[in-house]
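Colleague: I want to learn how to read helix packing and disulfides from a model. Where do we start?

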Amino acid sequence: MRLSPFHPSTFRTQSLSASPWLYGLSAGAFLLLSACSSSNTSANGAGGLNNVGQMTAGSGGQSVATGGTASGQSGGTSTGGTVTIGTGGTPNTGGVPATGGTNTGGTPATGGQGGTSATAGAGGIPAQGGDTGVGGATGGSGGGTSTDMDTPPWRPLMVDPNTHSGGGVTFTATQLDPMAGTSMTDTHAGAQEKGSVNLGAPMIRGKLAMTLGGIGTCCGQGGIGGFAEGLGFHQLAIAYQTQISSAPDQYKSVPEAMRTDEDNRQMGDARMEAFDGVDRVDWLDINPHDAFKMRTLLALKYLQDQDPGGDWAYFMNEAQTEVRWSDVYLVGYSYGSQTLAVWAKYTRFGRGIATSGPSDEGFPNATWIHAPSATPLDRMYELTGSQNLDTHIQTCQAAGWLGDPVTVAAGATTADLMMAHLFILEGQGHSEFCAGDGGDWKALCQYSFGVMQ
C-alpha cells in the first residue's frame, strides 16, 4: 500500500524556528559550514589578505591526515587585483590525497561503460577523472561521468575585474553549435542562455551554479540564480529538454505491481538522454548536440572568450574537453529538481539543491531512485512547501538522501543545526523560495548553498 504524503507514518519531522545558540557558533564553525567538503574531498588553502576588495587565497600547504581527510594550510596575500584559490599540497598518508597531489580518476557509472582512470603527472597536476560511460538501454539510467572521486582544478581560479565583461553574457545553443536543434525533440536550441558572475560579491566561491527551471521553461531559473550570484557563485543557465514531462501512457498505465524493469527505467533514462544525448528511450530523440553536457562545455568555452576576467575555463579540465562537474552546483525548481535528482545519481556534482521537487512521477520504484548515487548523498538538499508536499520527501528518502525532514518556520535565523538535508517550509506552496535575497528563507537558502553570512 502506498501511503499518502500526509499520512503520519509516512515520515517523521522535526520542527525548527529561530535557534538562539546559533549566535554562539565560532567563525571557524561557520567556515566549516561554508566549506561543504565531504569526507572524500580535499580542502584548498584558506583565505588571504584583503586588498581593495580583491582577495587571493593561499596556494595551500602540506596536507595532513585528519580523520581521513586532507586539509591545507592557510595564508596568501592579494596580488594584482585578482582572486586566486590555492590548489597546492601533497598527499597525506592514510587519508584522501590533497588537491594538487597524486589523484586517481573515476570508475564506470552504474549501468554504463567506460570510466577509465587517470593519474596525476609530474609536478602535482591533478588527474582529470575518468572518461564518460555510455549507458545501456536495458540496463537502467547509468552512463554518467566517473563517480568515485572529485575532479580537482588543474590551476587556481583567476578572476580579474580588469578584463571582466561587467555583466552577463547571452547566447543561444545554435549560435555556438550549428548542429544544435537537429534532434526531433524540442530542446529550446534557439532560446537565450546566459552566464554571469558578480565580481563585487563579498567572496568569489569558485563554484558554478547551474539552474534548472520548471516544465516547458527555458533557460534556467532566474530568481534562485540571482541569489546564487549574489553569494559569489558563477551562474550559468543552459537550454535542455523540458517540453515532455512524463513517460508515455504505455508505461504509466501499467499497474505498479505489474511493472517491469523496462517500465521503471523510462523516466530516469529519459532524463539521462537529455543530459548526454546517448540514445536510451524511443519516445525522445536527443542527440549530443542538444544535450546539457555538450551545451555546457561549449558555453564555458564561449564565456571564457567573451569574459576572460570571469575565468570560466576554471570549470573545465586543462584541455577544455570536459566540464569539471564536481565544482558544479545543480539548482532545480520543480521539473528541474526531478532532473537534477536523476543526474546526480549518475554524475558526481558538487551539490544538488532541489526546490519543490523531486517527485516519483508515478513511478515509486523507478530505477533511478534506487540506484547508487555518484554524487555523495551529503551534498543533496531538498526544500519543499508544506502545502505542496506531493511525494517530494518520500522520493528523496527512497533515493537515499540523508536524515529526517525538518519543518522550518518563516524568519528562522538558521536552517538546522543538526546538519539536516530535507526541509519543509511552513505555509509555502510550489515555489523556488530563494529568489532575491531569500526573504524569510534567507538563512535556509544560504545554508543550502553551504554559505553562512
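Modeller: With the axes. Each axis is a line fitted to C-alpha atoms, for helices over the stretch in contact, and the angle runs from 0 to 180 degrees between N-to-C directions. Keep in mind that this is a predicted model.

Colleague: At what angle do α6 and α8 pack, and how far apart are their axes?

Modeller: Two packed helices are described by the angle between their axes and the distance between the axes. Here α6 and α8 pack at about 85 degrees, with axes 9 Å apart. The two helices are therefore roughly perpendicular to each other.

Colleague: Which residues meet in α6 and α8?

Modeller: From α6, Gly268, Arg271, Met272, Ala274 and Phe275. They meet Tyr335, Gln338, Thr339, Val342, Trp343 and Tyr346 in α8. By class, the contact has seven nonpolar, three polar and one charged residues.

Colleague: How many residues of α6 are buried?

Modeller: Buried means under 20% relative accessible area. In α6, residues 266-276, eleven of eleven are buried. They pack against α4, α5, α7, α8 and α9. Gly277 follows α6, with a positive phi near 75 degrees.

Colleague: Now the disulfides. How many are there?

Modeller: A disulfide is a pair of cysteine sulfur atoms within 2.5 Å. The count comes to two. Cys218 and Cys219 pair with sulfurs 2.0 Å apart. Their S-S torsion is about 65 degrees, so this disulfide is right-handed.

Colleague: What about the link of Cys434 and Cys445: left-handed or right-handed?

Modeller: Left-handed, with -90 degrees about the S-S bond. Cys434 lies in the loop between β16 and α11, and Cys445 in helix α11, so the pair ties together parts eleven residues apart in sequence. Cys434 is buried at 2% relative accessible area, and Cys445 is buried at 0%.

Conventions: Residues are numbered from 1 along each chain as its sequence is written. This is a predicted model: local features need pLDDT of at least 70, side-chain atom pairs count only at pLDDT 80 or more; totals for chains, interfaces and linings use all residues. Side-chain values use heavy atoms; hydrogens and water are left out. Buried means under 20% relative accessible area, exposed over 50%, partly exposed in between (1.4 Å probe, protein chains only). Helices (H or I, at least four residues) and strands (E, at least two) are DSSP runs, numbered from the N terminus. Contact means heavy atoms within 4.5 Å. Angles under 35 degrees count as roughly parallel, over 145 as roughly antiparallel, 65 to 115 as roughly perpendicular and the rest as oblique. Ala, Val, Leu, Ile, Met, Phe, Trp, Tyr, Cys and Pro count as nonpolar, Asp, Glu, Lys and Arg as charged, and the others, Gly among them, as polar.
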